[in-house]
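Here are a few notes to read alongside the model. Have it open while you go through them.

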Amino acid sequence: VYLVEKQPFIGGKMAQLDTTFPYLDKTSEMLVPRMQMAAENENITIFSSSEVIELTGYIGNFKAVIVQKPRSVDETKCNGCGECWNKCPVEVRSEFDHGLRTRKAIYVTSSEAIPHIPAIDREHCKFFTEGSCHACADVCPTKAIDFQQTEKEIEVDAGTCVIATGYDTFEPSAVSQLGWGRLDNVLTSPEFERILADNGPTSGKIVMKNGNTPKSIVIAHCVGSRDQNYYPYCSRVCCMYSLKYARLIKQRLGPDTAVYQMYIDMRCFGKGHEEFYQQACDDGVQFIRGKIGQVTDIAQTEDEKGRLIAVAEDTMLGTMIRVPTDMVVLSVAMKPREDSPSVARTFLLGRSADGFYLERHPKLDPVGTMVDGVFSVGCCQGPKDIADTIAQATGAAARALALISRGKVQMEPVVASVDEDVCAGCGCCEAVCAYRAVEIDAGTRLAKVNEAVCKGCGACAVNCPSKAMQLKNFSPGQFIDVIDEATRDYAELAE
Amino acid sequence: MSEPNAVAPFQDAIDIIKEEGGEICKLCYQCGTCTATCPWNLVRSFMVRKTIHQSQLGLPDFESDDMWLCVTCKWCVDRCPRGVEIIDVWRSLRRAIVEMGIGNAPDALRISSKNIAATGNPQGEDRSKRPAWAPEAGVEPFKKGMDVLYFNCCYNSYDPKLVRVARATASVLKKTGINFGILGEEQSCCGESVREAGSEELFQSLVQANTEALTGAGATTILVSSPHCYHTFLNEYPDFKGKFEIVHTTQYLARLIKEGKLTFNKEIKRRVTVHDSCYLGRHNNVYDEPRFVLQSIPGVELVEMANYGKDSLCCGGGGGRIWQETKKGERFSDMRIQQAIDAGANVLATACPYCTANFDDSVISMDKSNILEVREITELVAEAL
């Protein structure tokens, strides 16, 4: 198994979370052992800082071209001691912590990062920007720093591919009325996850920007989700992680800390989810049905002075409500990754209207794609929680294993075939094939069909000017016969 | 036993709302964003969401004041997560009242509609008086072949305070050598506001009258002072697309400046803040031109108010509210004057006759005319030439 990870470290977005719903298990307890197992398993090769840039071939015979960016640290020598990042003089915004703290130009994301080998961020490292600094190389006890590393291109053979590229989160600066980026202590949910995390900037202590403990926190649901102006779909996990926040706040700051959920509809449909909702009610979490219209710091009463005020219509009371609070957490939408169009092109994946990858069949084949042997799982094909993602991943792994252990695949009988005596090699078929199943053979200059890739859609046959391309077992002649047979009674009647 | 306070959905009213163009209310999922966005809730209670839900079930209270509050400022529509055209829903409710006689329209609205029907302007002034301001300003009736037909709003034609805007526009056009004229008595109210107030039939007759008059005159470019004329000509008059070029004065001035046809000789050393009118801004996305024109005037320092651009605060004059009295303490224009003062401006620049009229009133009733001046942008341009 080749594991190709775009970031320098594996674990994805889950590694940034502190706790999971609905049982409040620590994410790290589930994730870290599995990341270690993957790293230590001799049958798994991890390509970090890597991307697949080209995929050719077909089910059972794929060839993937992987580009690996230089880590600038020799993985065979580094022992992960940390001397280098302690010495590095460059402070950079930490993407892993969403800018809530800085990291160095040579860094690991956290103490649990896998591989536990630092990477040099060449955009910011002074050796690469100014050519001056080599502090890390000076202190490295194993002489592992390697500024000379270059980008590598690796080609691997694979029988199947599993796409698990994940999602991005919505940055709500466009929703100006919520004040994110303008008002202190208005945080997005990914930012608040880092505040909650033991390995985060506050070591899991819930504090405001000035270091004080908040006495009240408002959680705003559906920021960007279920909204025609941004993302019309429901992001599915926000209700539950919002409840998770509420319960963790109550646990860590005590029952006197006020927590308000400002929601449109509570969607707690999974196993144990409704119970979790009830537990949150039991914890004393307040639920206000109404979408926040504005977060402001302009006070109207004594109690509001120096605080944030969440303004909404409480649609249950049928009145406007102003909630004075110290912190506002915006539960932001999950959206398709920015690179999803290019990944889709590489793997020939379809995308649905919302931009996520398209399943082969929404009910009957939820992990398959239109390309045989390529599967897509998790949030790259739509928002879902960890449990659903793992269910899909397990399914795709089983499908891949089944294919490999069987060693052969059954093809559909209807595929394109070329009458080589007629074919002029014009390439009209190649131009319209969505599956890259037809190409003009470099030697014969005639069209050649790869039957393992062909889906029998017939586009090439329709586009062939000389009718050399036909669908096997599905030719126009056969069709006329079928129609004649089916309409024979009527034909006789007409006569 | 039946529940004494229970209601039942009322299909007839559902059908009427649908017929009058408010069917889109069915998309609403009751999040309350509209209520929380609506500027009325800064000064009084107005449960927009509740009326939308009542409309879904055919149970709106046609007798309620709420029917006449909506200023059609479009703030809620722009933020609605479900794409509900809330203004269309309100218009449908008002049509049901005005045209089908369900409930009563406020007296002020009835009088304005009657005036428009009789004389072509809401003030009820004689048609012959519409061009009364023109001779003194040296403005002639439009003749075929002229560059521009200046379609002046009823307010800028008849209102003794606002006619200054018409004079300023004329003087700028004359100084830049633009060949222009006016329709004069032939012109009728554009009908935008009366339509929002529910009088669809009257609006349609105004569409016909103006279309005939403008086509007959042989106009190609129509210059308007009012964003309400601009909006309805551009988006609601069915035969105008492709036939006439509709330009608002701020757009036209910006164009003249960019083409080098308009140069300023005088300085205006003032701190100016610009009020984005709903119908130029949110309705038609014109935000840059007014600022560009003001910034081109030497000496002008531009400052922004707390609410500007797509989050601008309505003056309170849209949707037929211009003809109705709004109680002191509930006037958006008063809040806006305060915002302008808080922004440190000494001039509040406008580009809409309704806004100008409302701010003129507010600045006097709040006794702030010594620190804040309300000026239409064209006036400032005329002054700086």
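How much area is buried between chain A and chain B, and what share of it do carbon and sulfur atoms give?

1. Bear in mind that this is a predicted model. The area buried between chain A and chain B comes to about 1,500 Å², and carbon and sulfur atoms give 45% of that. On the chain A side, A:Lys291, A:Glu313 and A:Met320 supply 31% of the area that chain A buries against chain B, more than any other three residues.

2. In terms of contacts, 19 residues of chain A touch 18 residues of chain B. There is one salt bridge between the two chains: the side chains of A:Glu313 and B:Arg49 meet at 2.6 Å, N to O.

3. As for which elements of chain A face chain B, strand 19 (308-314) and strand 20 (319-325) each supply at least two residues. Strand 19 gives the most, with three residues. By type, the residues on this side of chain A split into five nonpolar, nine polar and five charged.

4. Now chain B as a whole. It has 17 helices and eight strands, and its C-alpha atoms fill a box of roughly 80 × 50 × 35 Å along the principal axes. The radius of gyration is 21 Å, which agrees with the value near 21 Å for a compact globule with 385 residues.

5. Inside chain B, buried residues make up 62% of the 385. Of the contacts in chain B with a separation of 6 or more, 78% come from residues 24 or more positions apart.

Technical notes: Residues are numbered from 1 along each chain as its sequence is written. Chains are lettered from A and ligands numbered from 1 in the order in which they are written. This is a predicted model: local features need pLDDT of at least 70, side-chain atom pairs count only at pLDDT 80 or more; totals for chains, interfaces and linings use all residues. Side-chain values use heavy atoms; hydrogens and water are left out. Contact means heavy atoms within 4.5 Å. Buried area is the accessible area (1.4 Å probe) that two parts lose on being put together, summed over both. A salt bridge is a side-chain nitrogen of Lys or Arg within 4 Å of a carboxyl oxygen of Asp or Glu. Helices (H or I, at least four residues) and strands (E, at least two) are DSSP runs, numbered from the N terminus. Ala, Val, Leu, Ile, Met, Phe, Trp, Tyr, Cys and Pro count as nonpolar, Asp, Glu, Lys and Arg as charged, and the others, Gly among them, as polar. The radius of gyration is taken over C-alpha atoms; the globule rule is 2.2 Å times the number of residues to the power 0.38. Buried means under 20% relative accessible area, exposed over 50%, partly exposed in between (1.4 Å probe, protein chains only).
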